[in-house]
Amino acid sequence: MDSKKELVVPRIENGTVIDHIPTVALYQVIHILGLEKYQDQVLIGNYLNSMKLGKKGIIKINNKHFTKEEISKIALVAPFATIIDIKDFAVTDKFTTEIPDHVENFVKCANPKCITNSEQIATRFDIVDKVNLKLKCHYCEKFTTKDTLVINEK
Amino acid sequence: MSTLKGRNLISITDFNKEEYIEVLDIAEGFEKTPKQRVLADKVVATLFFEPSTRTRLSFESAANQLGARIIGFSDPGGTSVQKGESLHDTIVMVSSYADLIVMRNPKEGSARYASEVSTVPVINAGDGANQHPTQCMLDLYSIRKTQGTLENLQIACVGDLKYGRTVHSLVQAMCNFNATFHLVSPEELKLPSSVKMSIKNAGLKYYQYTDLRDIIPTADIIYMTRVQRERFPDPLEYERVKDSCILTASMLDGCKHNMKVLHPLPRVNEITMDVDKTPYAYYFQQAQNGVYVRQALMSAILGVK
Ligand SMILES: [Zn+2]
């Protein structure tokens, strides 16, 4: 099973592998991490077979290492993603993402009357419920939830 | 010197219990002596991005009595705002002309944002359905003045408890004072669970009712709000419940002698006119108290009290 996956998306020598991404969240993860602008190899697979998720996405980013804080942002859309740090083809660290206490800039406020939806303002949220995913807007104080979560297009 | 010097007031929860009391104490001084020209060298900007005559006059009267000069606009028509200037640019510009900004804006969260952009303190005079903290401060002032204390009171809130921001703020503020809450509303307009959670987190109790009569004998304060027809998808449902949240003079038999009826105004029909003549009506004095509270806030924030 594992060797088959490696055939689909080749190994990287140095960098980060993000595994077990829900297929619907793959492009959101790319966007949240700003990988559209990343100037090195990024290997992407989607709808790969997965024991855990049925189908999954995977991203391998060459020569890029994230802090836990940077990577925690993707937990909003990919709550069970596995982060694997690679050096010289070997795994140096492996952990699952954890939902952060705060997020800035990439979630859209679900309240249409919120000032962040009419002026160019970076959004800010406190995550007040990590289990049910409930975010409180720093500006309008209204809640954005799993069902209303939209990633800002920039 | 006040700990409030240089602070913003955007949301009622920006201040703590001691700070509420400090503002109320200063306001008491202004009630005794309203004309104190302590802001004679200050400029207060009142920026009303939507008209609200009542709130604006209260702030401007307060600033005038303190000797401050006032600049600003009462609605954005004819200003650079109407020409599409961003809130950011308006606030940056005004904060170079004024010592304090009072802002009302229909966009929710606009006041918090303005306070982050401004170089001078900002007082929120209402940001859409979000916050209107000076209303809450004058409610606290009115409660303390009529009851002699803010502690251990039976607070009844009546009407639209779901959308009524004044009720949400009042409940949150009164959670600091060991209040017991009696919540009267139609089934559709109950207090949101997030506000009920504030009560629980403070270790306090609330009781819910659908008929106003049930709370008359217990309440120290009856805080009335308007139930709007538009809140009901089914007009028949509105007709069915509308009378359950209307207060009439005859209903007040058997209330506590210290009980006072408050209302953020304007009222429509939720308090009948015959209540005005009873010793329990306090809503007009309540509005007057707004001037003293706003004087207190402006002078504390500008560091002269
Ligand atoms: Zn918002």
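**Exercise 1. Find the partner of A:Arg124 in a salt bridge, and give the distance between the closest N and O atoms.**

Solution. Start at A:Arg124. It forms a salt bridge with B:Glu116. The closest N and O atoms are 3.3 Å apart. The term means a side-chain nitrogen of Lys or Arg within 4 Å of a carboxyl oxygen of Asp or Glu. Next, take the count: chain A and chain B share 3 salt bridges.

This is a predicted model, where local features need pLDDT of at least 70, side-chain atom pairs count only at pLDDT 80 or more, and totals for chains, interfaces and linings use all residues. Residues are numbered from 1 along each chain as its sequence is written, chains are lettered from A in the order in which they are written, and side-chain values use heavy atoms, without hydrogens and water.

**Exercise 2. Describe the contact between chain A and chain B.**

Solution. First, count residues in contact (heavy atoms within 4.5 Å). Chain A gives 14 residues and chain B gives 15 residues. Second, take the buried area (accessible area, 1.4 Å probe, lost on being put together, summed over both parts). The value is about 1,200 Å², with 46% from carbon and sulfur atoms.

**Exercise 3. Describe how helix 1 and helix 9 of chain B cross.**

Solution. Locate the helices: helix 1 of chain B covers residues 17-32, and helix 9 of chain B covers residues 283-301. Helices here are DSSP runs (H or I, at least four residues), numbered from the N terminus. Their axes (lines fitted to C-alpha atoms over the stretch in contact, with angles from 0 to 180 degrees between N-to-C directions) come within 8 Å and cross at roughly 120°. Last, list the contact: helix 1 of chain B brings residues including B:Phe30, and helix 9 of chain B brings residues including B:Tyr292.

Note on methods. Buried area is the accessible area (1.4 Å probe) that two parts lose on being put together, summed over both. Helices (H or I, at least four residues) and strands (E, at least two) are DSSP runs, numbered from the N terminus.
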